[in-house]
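Here's a quick briefing to read alongside the coordinates.

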Amino acid sequence: MSGLPNCPKCKSEYTYEDGTNYVCPECAHEWSKDAGENAEQARVWKDANGNVLQDGDSVTVIKDLKIKGSSSVVKVGTKVKNIRLIDGDHDIDCKIDGIGAMQLKSEFVKKA
């Protein structure tokens with residue numbers, strides 16, 4: 001056994017060292033040797049008012065948002081239920097009634 005930690009993202013046992021990081025060849029996740037498995041838990045998502053968001057929360061859109069590739073708009077005051085937080089530029093994954101599955105930025109919503 002190599003003694004290296006499993007990947008915190010996909011739990012793969014095939015991790016390897018690369019300088020000061022560990023790397024998972026299966027999901028391409030990299031994390032610092034110093035951070036350990038708590039690196040993923042350190043991320044905190046906040047809404048426009050600074051309230052901490054969690055999976056399953058309901059949020060309200062605070063700005064008209066144009067939908068890329070469409071003439072539709074998500075209007076101010078649209079309530080979005082049961083959000084899922086993800087990593088990336090658009091960090092909220094959700095379904096909006098009448099529009100469908102979307103990703104939103106947390107800076108354009110407030111916790112309901």
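In which segment is the place of K11? K11 sits in the segment before β1 (16–18), where strands (E, at least two residues) and helices (H or I, at least four) are DSSP runs numbered from the N terminus. Before going further, a word on the ground rules. This is a predicted model, so local features need pLDDT of at least 70 and side-chain atom pairs count only at pLDDT 80 or more, while totals for chains, interfaces and linings use all residues. Residues are numbered from 1 along each chain as its sequence is written, and side-chain values use heavy atoms, with hydrogens and water left out.

**The segment before β1**

- K11 has a positive phi of about 65° although it isn't a glycine.
- As background, most residues other than glycine have a negative phi.
- K11 is also exposed, at a relative accessible area of 56%; on this scale exposed means over 50%, buried means under 20%, and partly exposed is in between (1.4 Å probe, protein chains only).
- K9 is found in that segment before β1 too, and K9 is exposed, with a relative accessible area of 54%.
- The C-alpha atoms of K9 and C27 are separated by 7.9 Å, with the two residues 18 apart along the chain.
- Leaving aside neighbours within four places in sequence, K9 is in contact (heavy atoms within 4.5 Å) with C27 and H29.
- S12, again in the segment before β1, counts as buried at 5% relative accessibility.
- The S12 side chain reaches the backbone nitrogen of Y14 at 3.2 Å. That is a polar contact: a pair of N or O atoms within 3.5 Å where, within protein, one must be able to donate a hydrogen and the other to accept it, and where residues adjacent in sequence count only if both atoms are side-chain atoms.
- Not counting residues up to four places away in sequence, S12 touches N6, C7, C24 and E26.

**Two loops worth a click**

- A28 is in the loop between β2 (21–23) and β3 (30–32).
- A28 has a positive phi of about 65° without being a glycine, and at 58% relative accessibility A28 counts as exposed.
- T78 is found in the loop between β6 (73–74) and β7 (79–80).
- A polar atom of the T78 side chain lies 2.7 Å from the backbone oxygen of K75.
- Setting aside neighbours within four places in sequence, T78 is in contact with V59, T60, V61 and I96.

**The β8-β9-β10 sheet**

- Three strands make an open sheet in the order β8-β9-β10, with antiparallel pairing; two strands pair if DSSP finds at least two bridges between them.
- β8 (84–85) and β10 stand at the edges with a single partner strand each, so one side of each is left without a neighbour in the sheet.
- β8 and β9 run antiparallel and are joined by two bridges, and R84 stands opposite D93 in β9.
- The hairpin of β8 and β9 has six residues between the strands, and G88 takes a positive phi near 130° there.
- β9 (residues 92–96) and β10 pair in the antiparallel sense over five bridges.
- C94 stands opposite M102 in β10, while the bridge partner of I96 in β10 is G100.
- The hairpin of β9 and β10 has three residues between the strands, and G98 takes a positive phi near 85° in it.

- The volume of the second largest pocket is about 210 Å³.
- On the method side, a pocket is an open set of points on a 1 Å grid over the protein atoms alone, where a 1.4 Å probe fits, with protein on both sides within 12 Å along at least five of seven lines; lining residues have an atom within 4 Å of a point.
- Grid points are joined across faces, edges and corners, and the volume is the space filled by probe spheres set on the points.
- The lining is made up of K63, D64, L65, K66, I67, K68, H90, M102, Q103, L104, K105 and F108.
- β5 (65–66) and β10 (100–104) each supply at least two lining residues, and β10 gives the most, with three.
- By class, the lining has five nonpolar, two polar and five charged residues. Here Ala, Val, Leu, Ile, Met, Phe, Trp, Tyr, Cys and Pro count as nonpolar, Asp, Glu, Lys and Arg as charged, and the others, Gly among them, as polar.
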